[in-house]
Amino acid sequence: MSRDLGLRRLRGLDRGVLIAACVTALSLTASGCVVVHGEREVLPATTRAEAAEALREFTAAYNAADKAYDSSLDADHTTGALAAIDAARLKAGRVNNPQGNPGHAPLKLTDAQFTIPKKAGWPRWFLADAAGNKGGDVRWLLVFTRDGLDETWEAAYLTLVAPDDVPEFRTDRDGWAEAVPADAGDLAVPPGELSEEYTAYLKDGGDAFAEGPHTSAWRTLREKKSTRPGLATQYIDEPVTNGDYAPLALRTEDGGALVFFTTRHFEKQTAAAGASVPTPNKSVLALTTGEIRQSLTMEFVSNEVALAPAEGEVEVLGRIQGLTSAKGE
């Protein structure tokens with residue numbers, strides 16, 4: 001009887017352990033599903049430690065690519081507007097310096113601060129704000145994105161802004177930021193419409209944007225270039241809003257948003273009869289197809305960062321633009 005009782009107790013213990021193990025396994029599985037299939041759960045995009053590692057990996061890849069003028073070395077760490085600008089820059093550098101960049105100086109990013117939004121669904125993304133050893137006394141703002149838990153973090157946007165222009169972000173009690181949807185109706189211009197509004201402003205002007213170097217001053221510069229004797233210059237501006245070029249926005253403390261967005265620009269120079277288009281520099285020539293006889297059309301990709309208030313004018317804080325291709329005719 002003693003032996004039977006012991007067996008019954010052992011079997012009972014086994015069942016209890018098995019049940020506990022199953023509960024634990026189910027709990028872990030459910031937790032795993034929340035992380036992997038986070039389409040419905042509102043979660044931080046990443047941890048601060050992982051964000052710091054992503055910035056380190058990007059910087060290492062960026063430096064390797066710049067030193068060798070080889071876009072394959074950082075292709076896995078860039079996407080969207082930054083990838084388009086960076087790949088074209090490296091291509092031109094490679095054409096003119098096949099052995100690598102003779103003036104390479106490693107980029108160093110320090111004093112990094114991370115703003116990580118809490119959101120549902122993919123892509124997940126975060127903002128890195130760091131001091132750089134290039135560009136003077138500015139802050140380097142990099143937006144990293146990824147579309148799945150097993151994917152590499154890629155930098156989609158890179159802009160340089162004055163330190164005082166970086167706003168305070170709205171965060172919860174745990175320090176997580178708030179992502180602003182593209183169709184947010186509580187802003188002067190929703191993030192999803194900012195690219196289109198900006199290109200319309202460059203063409204026709206208006207009162208949607210505050211005066212500054214990337215708005216009124218840029219329009220004035222274009223007007224001067226378009227009236228040069230013997231050379232007609234035309235501009236076409238296009239919004240870019242889909243896929244890896246989608247705008248991304250963070251809620252600021254005052255209820256507005258800091259928005260990163262992309263635009264594409266074409267500049268066509270046409271010489272008058274008997275004249276010729278000014279010879280472009282070697283970086284432009286490296287990206288040019290066709291023969292430059294009477295005209296040269298250059299295509300640029302630009303990524304901007306702007307403050308969109310709840311009411312009033314949008315302020316464009318920074319813009320980095322790069323030539324991506326050119327065509328001679």
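Which residue lies over the face of Trp122, and at what distance from the ring centre? Arg124 does, at 4.8 Å; a charge sits over a ring here if NZ of Lys or CZ of Arg is within 6 Å of the ring centre and within 35 degrees of the ring normal. There is another such case: the charged end of Arg319 sits over the ring of Trp218, 3.6 Å from its centre.

Good morning, everyone, and a word on the ground rules. This is a predicted model, where local features need pLDDT of at least 70 and side-chain atom pairs count only at pLDDT 80 or more, while totals for chains, interfaces and linings use all residues. Residues are numbered from 1 along each chain as its sequence is written, and side-chain values use heavy atoms, with hydrogens and water left out.

Now the overall picture. The protein chain has six helices and 13 strands, taken as DSSP runs numbered from the N terminus (helices H or I, at least four residues; strands E, at least two). Of its 329 residues, 42% are buried, where buried means under 20% relative accessible area, exposed over 50%, and partly exposed in between, with a 1.4 Å probe and protein chains only. Among contacts (heavy atoms within 4.5 Å) with a separation of 6 or more, 67% join residues 24 or more positions apart.

Just after H2, Tyr69 takes a positive phi of about 50°.

H3, residues 80-96, has 17 residues and reaches 25 Å, close to the expected 24 Å. Leu82, Ile85 and Leu90 are among its buried residues.

Which residues have the most contacts inside the largest nonpolar core? They are Phe58, Leu109, Phe126, Trp140, Leu142 and Phe144, in a core of 21 residues. Such a core is a set of buried Ala, Val, Leu, Ile, Met, Phe, Trp, Tyr and Cys residues joined through side-chain atoms within 4.5 Å. H2, S4, S5 and S6 each supply at least two of its residues, and H2 gives the largest share, five. Phe58 itself touches His77, Thr78, Leu82, Leu142, Phe144 and Ala155, not counting residues up to four places away in sequence. A second, separate core of 18 residues includes Tyr198, Tyr201, Phe209 and Val259.

On to the aromatics. The structure holds nine aromatic pairs, meaning Phe, Tyr or Trp rings (six-membered for Trp) with centres within 6.5 Å; planes under 30 degrees apart are stacked, over 60 edge-to-face and the rest tilted. Tyr198 and Phe261 have ring centres 5.6 Å apart and planes at 80°, so they are edge-to-face. Tyr198 lies in H4 (191-204) and Phe261 in S10, so this pair ties together parts 63 residues apart in sequence. Both are buried: Tyr198 at 0% relative accessibility and Phe261 at 1%. Elsewhere, Phe58, Tyr62, Phe114, Phe126, Phe144 and Trp153 form one aromatic cluster.

Last stop: Thr289, in strand S11 (288-289). Thr289 is partly exposed, at 49%. Leaving aside neighbours within four places, Thr289 contacts Ala326, Lys327 and Gly328.

Terms used: Expected span 1.5 Å × (residues − 1).
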